[in-house]
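Open the model in your viewer and follow the selections below in order. Each stop says what to select and what is there.

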Amino acid sequence: MKPIVRLATKNDLPVLDAFMDGLVDAERPMDVTIKDGKVMYYDLESFISSDDAVLYVVELDKELVASGYAKIKPDRSYLKHDNQVYLGFMYVPEKHRGKGYNKLIIDALLSWSKAKNINEIRLDVYDSNPSAIRAYEKAGFEKHMIHMRMDIKDLET
């Protein structure tokens, strides 16, 4: 069966909540700052009902196999563009990875961004996730800036 890319609906929220759990579980080993227990990265229902955001899913044989959102955000005043589209919640369950579903999501999100006349597209990816970096580079993204952090609680003063 051919995968279908479509807008997410409220009926998809239970599966998308499980996707969020999977995403958090995948990212926890890469990010010591994520809290223990249940974590909610996004208000997915707001993406479904917003004019400034969109949430797409890929469905295969009535099963959701990928997700991703795009949200319009105002950007800094000194940049050449007024707004950017930020991409997130890019998730494919492990058993469905490597089949091009994330690319289908990215293509849908970029088309939505073009329709909104916004050409600056951004996303974040962990430096310790080389397979995701390769996938985004393959889709046309370029490394732009490195986000750095430090926990100073154990530093000697």
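Select Y41, Y42, F47, Y69, Y86 and F89: ring pairs link these residues into a cluster. The model is a predicted one. Under the rule used here, there are eight aromatic pairs. Y41 and Y42 form an edge-to-face pair, with 5.7 Å from centre to centre and 75° between the planes.

F47, at 7%, counts as buried, because the cut-off for buried is under 20%.

K73 lies over the face of Y86, 4.5 Å from the ring centre.

Next, select residues 101-115, which are helix 3. Helix 3 has 15 residues and reaches 21 Å from its first C-alpha to its last, close to the 21 Å expected. Colour Y101, N102, I105, I106, A108, L109, W112 and S113, which are buried. These residues lie on the same side of helix 3, because they cover an arc of only 165° around the axis. On the face turned away from the buried side, find the exposed residues K114 and A115.

What covers the buried residues of helix 3? Show strand 2 (53-60), strand 3 (63-74) and helix 4 (130-138), which are among the elements that do.

Last, step just past helix 3 to N117, which takes a positive phi of about 60°.

Notes:
Residues numbered from 1 in each chain as written. Predicted model: local features only at pLDDT ≥ 70, side-chain atom pairs only at ≥ 80, totals over all residues. Heavy atoms only, no water. Helix = DSSP H or I, 4+ residues; strand = E, 2+ residues; numbered from the N terminus. Expected span 1.5 Å × (residues − 1). Buried < 20%, exposed > 50% of the residue type's maximum accessible area, 1.4 Å probe, protein only. Arc of directions from axis to C-beta. Contact = heavy atoms within 4.5 Å. Phe/Tyr/Trp six-rings, centres within 6.5 Å; stacked < 30°, edge-to-face > 60°. Lys NZ or Arg CZ within 6 Å of the ring centre and 35° of its normal.
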